[in-house]
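User: Hello! I am new to this structure and would like to learn how to read its features one by one. Could you guide me?

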Amino acid sequence: MALSKIGLIDPTAITGETALAAEPATTDELLVSDAGTLKRLDAVHMMNRPAFHVYLSGDQAIGTGAATKIAWDSEYIDSGGVFASNKFTVPSDGAGTYVFNWIIKMGGMDDGEAVQVFLYKGGSELDSQRTRTKITAGGGDQEVHVAGSYIDTAAATNYYELYVHQNEGGNQNVMQETSTFSGYRLIGA
Amino acid sequence: MASLYWKVKTYLEANGKTETEIGLDGNVKLRNDGAGEYIHTWNVDGLAKPSDSQLTSADTQATKDYNNNRTRKTRKAAYGSIGDQLDLLYKDMLADKGDKTGEWFKKIKAVKDANAKE
């Protein structure tokens, strides 16, 4: 009675006999009971999308003493085409909770010199007390890895960028071989 | 041409301030959004933000400071660790060469001579 009431589903056809045996497409539909009302739900709403994972095609020189935006120009993952112009932009239907991760590798740092990485939201540093990640070199000519993670509640069209700062005195490179920036929507948070 | 950091440092020092004004949480914040470095924030007490021409004028001294900074770093790497230097000094003392005839002095002098400051 309840199923036929919505007029879209034939209960006798719901057998589960055929396995999908693969990740559902974003537009595949699931049946859910929404407070007792049966509804169809696109699978995309149960996926960690949008998601991105970007890297550099080559080293990026960073001048001393200036917070500098990292120009990510290559993508491992960009579901939904959300990463462009060095930034992740939340799509119009993508408001929600997002997890961000980054790792930056920089060489040539000497004793006492530091590399710091910051997450920017809408052109300004986001929650500096929690997003700033910093490594100070403990010897001469060292490679340092700065890794960080942050979870943020995002509205549609919010955008996120990664900045780096170093105080070596000259230019130093964010190194292509390790540095990456990634993020994905956290479902159910 | 020196980078913006060195030119701002020169400008500050020429006006009785220090480079400690520059920093992520300092009174002077430098930034590069992809189109080149610029002064994002300037809150130095009693000193106006430098004009482009003032920064250009600071370039000669800034370049010298930058080059000397490079020299200091080269020297520091060439001196070796403090532990190794102390060991060399100990051996000099043991050999009654705790003066300019000692190996430590010779090494340090050679490094300085090979990497002169401007």
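User: Where is the place of Ala21(A)?

Analyst: Ala21(A) sits in the loop between helix H1 (2-6) and E1 of chain A; helices (H or I, at least four residues) and strands (E, at least two) are DSSP runs, numbered from the N terminus. Before going on, please note that this is a predicted model, where local features need pLDDT of at least 70, side-chain atom pairs count only at pLDDT 80 or more, and totals for chains, interfaces and linings use all residues. Residues are numbered from 1 along each chain as its sequence is written, chains are lettered from A and ligands numbered from 1 in the order in which they are written, and side-chain values use heavy atoms, with hydrogens and water left out.

User: What backbone features can I look for?

Analyst: Most residues other than glycine have a negative phi, and most peptide bonds are trans. Here Ala21(A), which is not a glycine, has a positive phi of about 60 degrees. A cis peptide bond joins Arg49(A) to Pro50(A), with omega about -5 degrees. Pro50(A) lies in the loop between E2 and strand E3 (51-55) of chain A.

User: How many salt bridges are there over all chains?

Analyst: Side chains of opposite charge can pair when their charged atoms come close. The rule for a salt bridge is a side-chain nitrogen of Lys or Arg within 4 Å of a carboxyl oxygen of Asp or Glu. The whole structure has 19 of them. One joins Arg40(A) and Glu29(A), at 3.1 Å from N to O. That pair links strand E2 (residues 37-42) to strand E1 (residues 29-34) of chain A, the two residues being 11 apart.

User: How do I read the interface?

Analyst: The size of an interface is often given as the accessible area lost when the parts come together. With a 1.4 Å probe, summed over both parts, chains A and B bury about 1400 Å², 44% of it on carbon and sulfur atoms. In chain A, Thr64(A), Arg132(A) and Gly169(A) lose the most area to chain B, together 27% of what that side buries. Counting contacts (heavy atoms within 4.5 Å), 20 residues of chain A meet 15 residues of chain B. Between the two chains there are 5 salt bridges.

User: Which residue forms a salt bridge with Glu113(A)?

Analyst: Lys73(B) does, with the closest N and O atoms 2.3 Å apart.

User: What about the largest pocket?

Analyst: On a 1 Å grid over the protein atoms alone, a pocket is an open set of points where a 1.4 Å probe fits, with protein on both sides within 12 Å along at least five of seven lines; lining residues have an atom within 4 Å of a point. The largest pocket is lined by 33 residues, and Asp111(A), Glu113(A), Asn167(A), Glu168(A) and Lys73(B) lie nearest its centre. The largest share of that lining, 5 residues, comes from H3(B).

Notes:
Buried area = accessible area lost by both parts, 1.4 Å probe.
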